[in-house]
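Subject: Structure for you to look at

Dear colleague,

I am handing over the structure below, together with an account of what was found in it. Please keep the view open while you read, so that you can follow each residue as it is named.

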Amino acid sequence: MDKKKLIIAGSIAAATAIAVLIFRKVTSSYANMSTFINSVMGNYFTIDELCYSDTAKAKGIDNTPSAQVQSNLVKLINNTLNPIREKYGKPIRVSSGYRSDALNKAVGGVSNSQHLTGQAADLVATNGGSLADIFKAAIACNNFDQLIWEGPKNSSTKWVHVSYADNPRREILYYNGNGYTNIASNWKNYVK
């Protein structure tokens with residue numbers, strides 16, 4: 001992302017964070033705050049989408065994000081997800097976004113997952129789209145903390161994990177179901 005776009009994205013995130021703080025003074029209702037934030041953000045992704053979980057619904061798990069998590073989700077959306085979607089040019093489905101502690105345990109997530117803080121999302125292609133092209137769009141945008149190609153090489157179950165942090169590590173990894181491999185220098189050999 002060039003400097004001008006980065007400054008604009010940062011300004012949008014800052015303005016949204018200020019709006020959230022102001023709105024919190026007016027109301028503490030999650031439903032109202034969620035509607036307010038989603039209307040402010042627009043574009044391609046919403047807080048509600050990033051908090052929805054079939055597992056949480058089926059198991060009756062409360063997956064309501066705190067104000068801090070909502071702020072992190074806004075940053076993730078504005079700085080990472082929306083630019084990836086813009087570059088990719090097609091719809092992207094979030095298969096997993098924010099996870100409460102209970103939900104994270106229910107899906108077998110790791111205890112230090114960025115999903116717990118609203119800083120990560122797992123993405124899948126829709127309508128004949130290409131997961132590899134989503135990954136390539138994330139590489140091109142270069143505004144991520146971690147970018148992980150997840151799923152065994154010969155498995156049909158794959159997704160792209162992407163996270164955002166204020167001080168990004170820019171890690172590019174492959175997860176095969178057993179462990180992580182740094183693929184920053186040779187990611188094209190994994191992503192096909």
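A crossing of two helices is called left-handed if the near helix is turned anticlockwise from the far one by less than a right angle, and right-handed if it is turned clockwise. In this predicted model, the crossing of H5 and H7 is right-handed. The contact between them is made by Pro83, Ile84, Lys87 and Tyr88 on the side of H5, and by Asp133, Ile134, Ala137, Ala138, Ala140 and Cys141 on the side of H7. Sorted by kind, the residues of this contact comprise 8 nonpolar and 2 charged ones, with no polar residue among them. Two packed helices are described by the angle between their axes and the distance between the axes. For H5, which covers residues 67–88, and H7, which covers residues 131–141, the angle is about 120° and the axes are 8 Å apart.

The chain as a whole

The protein chain has 7 helices and 6 strands, and read along the sequence they follow the pattern α-α-α-α-α-β-α-β-α-β-β-β-β. Of the 192 residues in the chain, 45% are buried. Among the contacts with a separation of 6 or more, 63% are between residues 24 or more positions apart. The accessible surface of the chain comes to about 10000 Å², and carbon and sulfur atoms account for 50% of that surface.

The largest nonpolar core

The largest nonpolar core has 36 residues, and those with the most contacts inside it are Leu73, Leu81, Ile84, Leu123, Phe135 and Trp149. Several elements give two or more residues to this core, among them helix H3 (47–51), strand S1 (92–96) and strand S2 (120–125), but H5 gives the most, with 8 residues. Leaving aside neighbours within four places in sequence, Leu73 is in contact with Ile47, Leu50, Cys51, Pro65, Tyr98 and Gly118.

Leucine 76 has its place in helix H5, and it counts as buried because its relative accessible area is 0%, where the cut-off for buried is under 20%. Which residues does leucine 76 touch, not counting those up to four places away in sequence? They are Leu81, Gly118, Gln119, Ala120, Ala121, Val162, Ser163 and Tyr164. Leucine 76 and glutamine 119 are 43 residues apart in sequence, and their C-alpha atoms are 5.9 Å apart in space.

Asparagine 82 also lies in helix H5, and with a relative accessible area of 4% asparagine 82 is buried. Apart from its neighbours within four places in sequence, asparagine 82 is in contact with Asn43, Tyr44, Phe45 and Ile77.

Two residues with positive phi

Most residues other than glycine have a negative phi. Asparagine 142, however, has a phi near 55°, which is a positive value in a residue other than glycine. Asparagine 142 lies in the loop between H7 and S3 and is partly exposed, with a relative accessible area of 37%. Arginine 170, too, has a positive phi, near 55°, and its place is in the loop between S4 and S5. With a relative accessible area of 31%, arginine 170 is partly exposed.

With best wishes

Notes: Residues numbered from 1 in each chain as written. Predicted model: local features only at pLDDT ≥ 70, side-chain atom pairs only at ≥ 80, totals over all residues. Heavy atoms only, no water. Axes fitted to C-alpha atoms, helices over the stretch in contact; angles between N-to-C directions. Helix = DSSP H or I, 4+ residues; strand = E, 2+ residues; numbered from the N terminus. Contact = heavy atoms within 4.5 Å. Nonpolar A, V, L, I, M, F, W, Y, C, P; charged D, E, K, R; others polar. Buried < 20%, exposed > 50% of the residue type's maximum accessible area, 1.4 Å probe, protein only. Areas by Shrake-Rupley, 256 points an atom, 1.4 Å probe, with all protein chains shown as cover. Core = buried A, V, L, I, M, F, W, Y, C linked by side-chain atoms within 4.5 Å.
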